[in-house]
Amino acid sequence: MKISVIGASGQLGSDVVSAFSAAGDIVEALTHDEVELSDAESVTRVLQKSRPQVIVNTAAMHHVERCELDPAKAYAVNAIGSRNLALASNELNALFIHVSTDYVFDGTKRSPYHEGDVPLPLNAYGNTKLAGEHFTRSIASRHQVLRTSGLYGTKPCRAKGGMNFVELMLKLGREKGRVRVVDDEFVTPTFTSELAEQIVSLSRSDCNGLFHATAEGSCSWFEFAREIFNIAGMEVRVEVPAPGEFVAKVPRPKYSVLENRYLKDLGLNNFRPWQEGLRNYLAITSVTGSHDFPLAGAAANLVP
C-alpha cells in the first residue's frame, strides 16, 4: 500500500515509517516542512498529490506546559489538524489512523481505562487531543484512533529537548548516582517501535473505531526508573521526592493506565509486558552505541 506518515521525523513517526517500509509498503514521510496541519489547503494539496491509501497522523503539539500557555495553537494543531486530515482522507477514500493520548482521562478511576470510559481531560493538551479524536471519528468514514501512553523511542523527542524518560534517567544516574522520581503517578511505558508495529498490523484489518494501544501492565514513574537501572546493570539510588518538592505547573492525571480491550476482543493485540519493551529498547540502543553499560540478564538477546 501507499502510506503517508504525518510527523515522520518525530519519535513515533520515525518508527512508523520504518515499520511500514519493513512491511513492504511505499511510504511518504511528511514533516512540518512539507505539510502544515492547521492549514486545510496545505493538507489537501500534499495528500492529493501523493494519493495515499492510508494516512497516519503521529504529529501533535504535545508539550503540556506550552499547550497550556497557547491553547489556541494547540487546538489548531491537535484538533483542526485532525479535522483537515479526516476531510482529506474522505476525499481519497483512505484509511485515517490518528494517534491520541491517555491524557484525555482525569486519572480518578484507579483501574485501567478502557475504550468505553468517559474522557475528562485536566489540561489544554488533553482537551485539544480529545477534540481531535471527535473530529476524526465524526468525519472520517474509515478511521482508527489509537490512544497510547508513556512513549519512549530511539529517535529524539523534540518537545522534550531530545531526551525521553529512559535517556534522562540514564544520564542522571551516570552523573549523580541517584535520582528522585515520583511514585504516585502511574502509566504504561510503551516503546514506540512496538506501537508502530501495532499500527501496521491494525492497518491491515477492516476495523474502524477507537483503540487503546499500550504495552501490557503498568507502573509508577518510580518503578519505571528502578527497572531501567536494573536492566542496565547500574547501581543508582532511586528516591521518592519530598512532599511539594516537584510541583507540576499543569494538572496531569495521576493514573492514566489504559486497557487494550478492543484490540484483545478482536484478537489483534500484539503488545508485550512493558518490561520486555524496555529490555528490547536498551538492547537496541546498546548495540547501536548509544550506551556503554553492561546489560543485565538476557536483554541483548531481544534485539530483532
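Mentor: Happy to! Let's begin with β1, where 4 of the 5 residues are buried, so this strand is largely enclosed by the rest of the structure. Please keep in mind that we are reading a predicted model. Its mean pLDDT is 90, and 92% of the residues reach 70 or more.

β1 covers residues 2–6 and pairs with β3, residues 54–57, in the parallel sense over 4 bridges. Within β3, Val56 is the residue that stands opposite Val5. β1 also runs parallel to β2, and 5 bridges join these two strands. There, Ile6 has Leu30 of β2 as its bridge partner.

Now put these pairs into the whole sheet. It is open and built from 6 strands, with parallel pairing and the order β2-β1-β3-β4-β5-β10. The edges are taken by β2 (26–30) and β10 (209–212); each has a single partner strand, so one side of each is left without a neighbour in the sheet. From one strand to the next, the twist averages 20°.

Next come the helices that lie on the sheet. Helix α2, residues 40–50, packs there and touches β1, β2 and β3, and its direction makes about 160° with that of β2. Helix α7, residues 192–203, lies across β3, β4 (95–101), β5 (143–148) and β10. The angle at which α7 runs to β5 is about 160°.

α2 also has a helical partner. Its axis and that of α4, residues 71–92, come within 9 Å and cross at roughly 35°. This crossing is right-handed. On the α2 side, the contact is made by Ala40, Val43, Thr44, Leu47 and Gln48, while α4 contributes Asn84, Leu85, Ala88, Glu91 and Leu92.

Asn93 is exposed, as its relative accessible area of 54% is over the 50% cut-off. Its phi is near 55°, a positive value in a residue other than glycine. Arg110 is another case to look at: its phi is positive, about 70°, although it is not a glycine. You will find Arg110 in the loop between β4 and α5 (124–139), and at 46% relative accessibility it counts as partly exposed.

A polar atom of the Ser205 side chain lies 2.7 Å from the backbone oxygen of Leu202. Leaving aside neighbours within four places in sequence, Ser205 is in contact with Gln144 and Leu268.

Ser21 sits in helix α1, residues 11–22, and is partly exposed at 39% relative accessible area. Its side chain reaches the backbone oxygen of Val17 at 2.8 Å.

One caution before you explore further. Over residues 294–304 the pLDDT stays under 50, and the model has 26 contacts for this stretch beyond four places in sequence. Where pLDDT is low, the predicted coordinates should not be read in detail.

Note on methods
Residues are numbered from 1 along each chain as its sequence is written. This is a predicted model: local features need pLDDT of at least 70, side-chain atom pairs count only at pLDDT 80 or more; totals for chains, interfaces and linings use all residues. Side-chain values use heavy atoms; hydrogens and water are left out. pLDDT is the predictor's confidence in each residue, from 0 to 100. Contact means heavy atoms within 4.5 Å. Two strands pair if DSSP finds at least two bridges between them. Axes are lines fitted to C-alpha atoms, for helices over the stretch in contact, and angles run from 0 to 180 degrees between N-to-C directions. Buried means under 20% relative accessible area, exposed over 50%, partly exposed in between (1.4 Å probe, protein chains only). A polar contact is a pair of N or O atoms within 3.5 Å; within protein, one must be able to donate a hydrogen and the other to accept it, and residues adjacent in sequence count only if both atoms are side-chain atoms. A crossing is left-handed if the near helix is turned anticlockwise from the far one by less than a right angle, and right-handed if clockwise.
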